Amino acid sequence: MTDQTMMGVRRFGLVNWLGTWTLAKREIQRFMNVWAQTVMAPLINAGLFLMIFTIAIGPQRGDVMGVPFMTFLAPGILTMTVIQNAFANTSSSLASAKVQGNIVDTLMPPLSGAELVVGYISGAIARGFLVAVVIAAGAALFLDVGMRNPVWVMTFVFLGSVLMGGLGLIAGIYANKFDQLAAISNFLVTPLAFLSGTFYSIDALPGFLQTLSHVNPFFYIIDGVRYGMIGVSDSSPWVGLGVVGLACTVVLGICWQWMHRGYRLKG
């Protein structure tokens, strides 16, 4: 039997670019097929948050960190929506494949663990950026909130999407039922997003809670986007870059290990 016909021999070079791109394209098309749910719904939810805070607090709320409260709030709402959607993209895709029994269609192609991770995470990044662009456009149009430093905004939206896409993969691999996945989202992801400076500066927190916030990667993602959009932040964006980058490395390492081993994926 020649090398060309031997089973198990990779014939794609070091990286299966076509297979990785195909998986990434599938993940992007999956959420674009329901764009009203994945793009319009986050925009409406963000608008409702801002409207409710405007009505409930209005002009009675003073400036926060030297900027109007609505201006301070917009980057937090944008980032919270991005990380929730990035998490939902990978977790729902993998969990659905496991529950429906078609996960074999993803495991059978000649894709390594790293290529599987890149393909899935690419979908989370695409969804995160699309949601960010839509909400940023709305914030600029209705609240006159622009971009002081777009590079920082794009950097933290990218890292936030990678981190949450990776956490979504971990949740999707671990969960065997949709209610388990919902529990992870409701009792872990949502509280961390809400309690990470989305609606307030952490200077308003007691000392102990401030310390906890400074070890929460979600806080640095929100703070970094806020710095890029309005030029104010609770911490240095360079510190946030290091913390979030380290968190991404750890999470992606776990994802690769689990994908490589087929943990909770292979029967």
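Visitor: How many salt bridges does the count come to?
Guide: Two. The rule asks for a side-chain nitrogen of Lys or Arg within 4 Å of a carboxyl oxygen of Asp or Glu. Keep in mind that this is a predicted model: local features need pLDDT of at least 70, side-chain atom pairs count only at pLDDT 80 or more, and totals for chains, interfaces and linings use all residues. Residues are numbered from 1 along each chain as its sequence is written, and side-chain values use heavy atoms, with hydrogens and water left out.

Visitor: OK, which residue forms a salt bridge with Arg26?
Guide: Glu27 does, and the closest N and O atoms are 2.9 Å apart.

Visitor: And with Arg30?
Guide: Glu27 again, with the closest N and O atoms 3.9 Å apart. Arg30 and Glu27 are three residues apart in helix H1, so about one helical turn separates them. Helices here are DSSP runs (H or I, at least four residues; strands are E, at least two), numbered from the N terminus. Shared partners join Arg26, Glu27 and Arg30 into one network of salt bridges.

Visitor: Is Glu27 buried or exposed?
Guide: Buried, at a relative accessible area of 0%. Buried means under 20%, exposed over 50%, and partly exposed in between, with a 1.4 Å probe and protein chains only. Arg26 is partly exposed at 34%, and so is Arg30 at 30%.

Visitor: New topic. Which residues form the nonpolar patch on the surface?
Guide: Met32, Trp35, Met40, Ile44, Leu48, Met51, Ile52 and Ile55. Together they have about 800 Å² of accessible area. Areas come from the Shrake-Rupley method with a 1.4 Å probe, and for residues only the protein chains shown count as cover. Patch residues have over 30% relative accessible area and no salt bridge; nonpolar side chains (Val, Leu, Ile, Met, Phe, Trp, Tyr) are joined within 5 Å, like charges within 9 Å.

Visitor: Which helix gives the most to the patch?
Guide: Helix H2, residues 35-56, with seven residues. Ile44 sits in H2. Ile44 is partly exposed, with a relative accessible area of 49%.

Visitor: How much space lies in the largest pocket?
Guide: About 290 Å³. On a 1 Å grid over the protein atoms alone, a pocket is an open set of points where a 1.4 Å probe fits, with protein on both sides within 12 Å along at least five of seven lines. Lining residues have an atom within 4 Å of a point.

Visitor: What lines the largest pocket?
Guide: 17 residues. Gln37, Pro42, Asn85, Ala88 and Arg127 lie nearest its centre. H2 supplies the largest share of the lining, seven residues. H1 (17-32), H2 and H3 (69-100) each supply at least two.

Visitor: Where is Asp144?
Guide: In the loop between helix H5 (113-142) and H6. Asp144 is exposed, at 70% relative accessible area. Its phi is positive, near 55°, in a residue other than glycine. Most residues other than glycine have a negative phi.

Visitor: What about Arg264, what is its phi?
Guide: About 60°, also positive, and Arg264 is not a glycine. Arg264 is in the segment after helix H10 (237-261). Arg264 counts as partly exposed at 32% relative accessibility.

Visitor: Last one: how far apart are Val153 and Thr79 in space?
Guide: 9.6 Å, C-alpha to C-alpha, though they are 74 residues apart in sequence. Val153 is in helix H6, residues 150-174, and counts as buried at 8% relative accessibility.

Terms used: Points joined across faces, edges and corners; volume = space filled by probe spheres on them.
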